[in-house]
Amino acid sequence: MTGLIDPFQRVIRYLRVSVTDRCNYRCFYCMPSQGMQWEERAEFLSFEELTRVIRLFTELGVDKVRLTGGEPLVRRGLLDFVKQLQALPGLKDLSMSSNAHLLSDQAKDLRAAGVSRVNISLDSLDPDIFRKITVNGDLAPVLRGIDAALEAGMHPVKINMVVMRGLNDGEIESMLDYAVERGADLRYIETMPIGEAGISGTDYYMPAVEILARLKKHLGEELIPAKGGKGAGPARYYQVGDGPVRVGVISALSRHFCDDCNRVRLTAKGDLVLCLGQEDRVSLRDGLRQGYSDDQIKEVILDAIAKKPRSHEFNDDKSKVSLRHMSSLGG
Ligand code: SAM
Ligand code: SF4
């Protein structure tokens, strides 16, 4: 059994793994500040179970894994888990998404253990606006975390900025300057209507075209698509001058990014989520805990991939918009 190919002939090579739904921040577009229903920790897949699932995915052709959350760095034992993953022969690319609050102390060890690159959420460079968006976040350790990732040799370090009109859109230009100074890539993200928090975030929706127009003005030139600027990911990338930095825009609402989707997601409790914007999911934990053999679990995975929908439904029918939280889906 090799190769994960969905009904639309898309080859699935990328698995995003949410290792926890917990987070030390409460970005208002991602989680409600109160009343969050956490999964029981006992429901989470253990790191041994996760390593087994990821090994099976690599045997089926997945070669790229991103650890995400919630905030992956709040789960104890993450470093040893990373070391186990690094030993999987089929895994070529191990990365992480983080808010970087706890990264400064861990970046070096994580890099040595095999996390080669990192995406970091940074919505504002103003401490007050940052705290307002993240609800209880603190900008200073995050900036230290970004510098530590760069010093540790993670490459690329990508900064993710969710752009919100009236909140942080005044920083589109300063964020680019900040990224360019450090040699970090930057991606501007449109708010996505995922979960109740995500739906409230769309009140501040700012479309990609406007962000691009602002960038063009700031740089004083046409934006040149970066080489390989439209890979299998959702971002379109542009060059910044002649330098190495790339700037991307992720536009979930205004442009379908599904045609070349190459990914599926695993939640902390072992649900395989087939599309960020649809409900379809299949439990892998049930089989794992019922003593399934490797081949039986691979069958469950293959059956699930055969159900991967063509595209998300963010635009189509607001009553169908998912009430799940982005924090359990891993972004
Ligand atoms: N805690 C980590 C972080 O913040 O990078 C990883 C998980 S977080 C859910 C992954 C990404 O999803 C972040 O870049 C975050 O900004 C983005 N995100 C969360 N909710 C979103 C929403 N409603 N619309 C757009 N992006 C969102
Ligand atoms: Fe936490 Fe990341 Fe969600 Fe912010 S975006 S609340 S840092 S999981």
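A: A polar backbone atom of Tyr29 lies 3.0 Å from a nitrogen atom of ligand 1, a polar contact in the sense of a pair of N or O atoms within 3.5 Å. This is a predicted model, in which local features need pLDDT of at least 70 and side-chain atom pairs count only at pLDDT 80 or more, whereas totals for chains, interfaces and linings use all residues. Residues are numbered from 1 along each chain as its sequence is written, chains are lettered from A and ligands numbered from 1 in the order in which they are written, and side-chain values use heavy atoms, with hydrogens and water left out.

A side-chain N or O atom of Ser121 is 2.7 Å from an oxygen atom of ligand 1, and a nitrogen atom of the ligand is 2.8 Å from a backbone N or O atom of Met192. Of the 550 Å² of accessible area that ligand 1 has on its own, the protein covers 94% (Shrake-Rupley method, 1.4 Å probe). The shell around ligand 1 holds 20 residues, of which Tyr29, Gly70, Glu71, Ser121 and Met192 come nearest; a residue belongs to such a shell if one of its heavy atoms lies within 4 Å. By class, this shell has six nonpolar, twelve polar and two charged residues, with Gly counted as polar and both Cys and Tyr as nonpolar.

Gly70 also takes part in the surroundings of ligand 2, together with Cys23, Tyr25, Arg26, Cys27, Cys30, Met31 and Asn99.

Turning to the fold, strand E3 (93-98) and strand E5 (157-162) each supply at least two residues of the shell around ligand 1; strands are DSSP runs of at least two residues and helices of at least four.

E5 pairs with strand E6 (residues 185-189) in the parallel sense over five bridges, and Lys158 stands opposite Asp185 in E6.

The loop between helix H5 (139-151) and E5 contains Pro156, which is joined to His155 by a cis peptide bond with omega about -5 degrees.

How values were computed:
Polar contact = N/O pair within 3.5 Å; in protein donor to acceptor, adjacent residues only side chain to side chain. Pairing = 2+ DSSP bridges.
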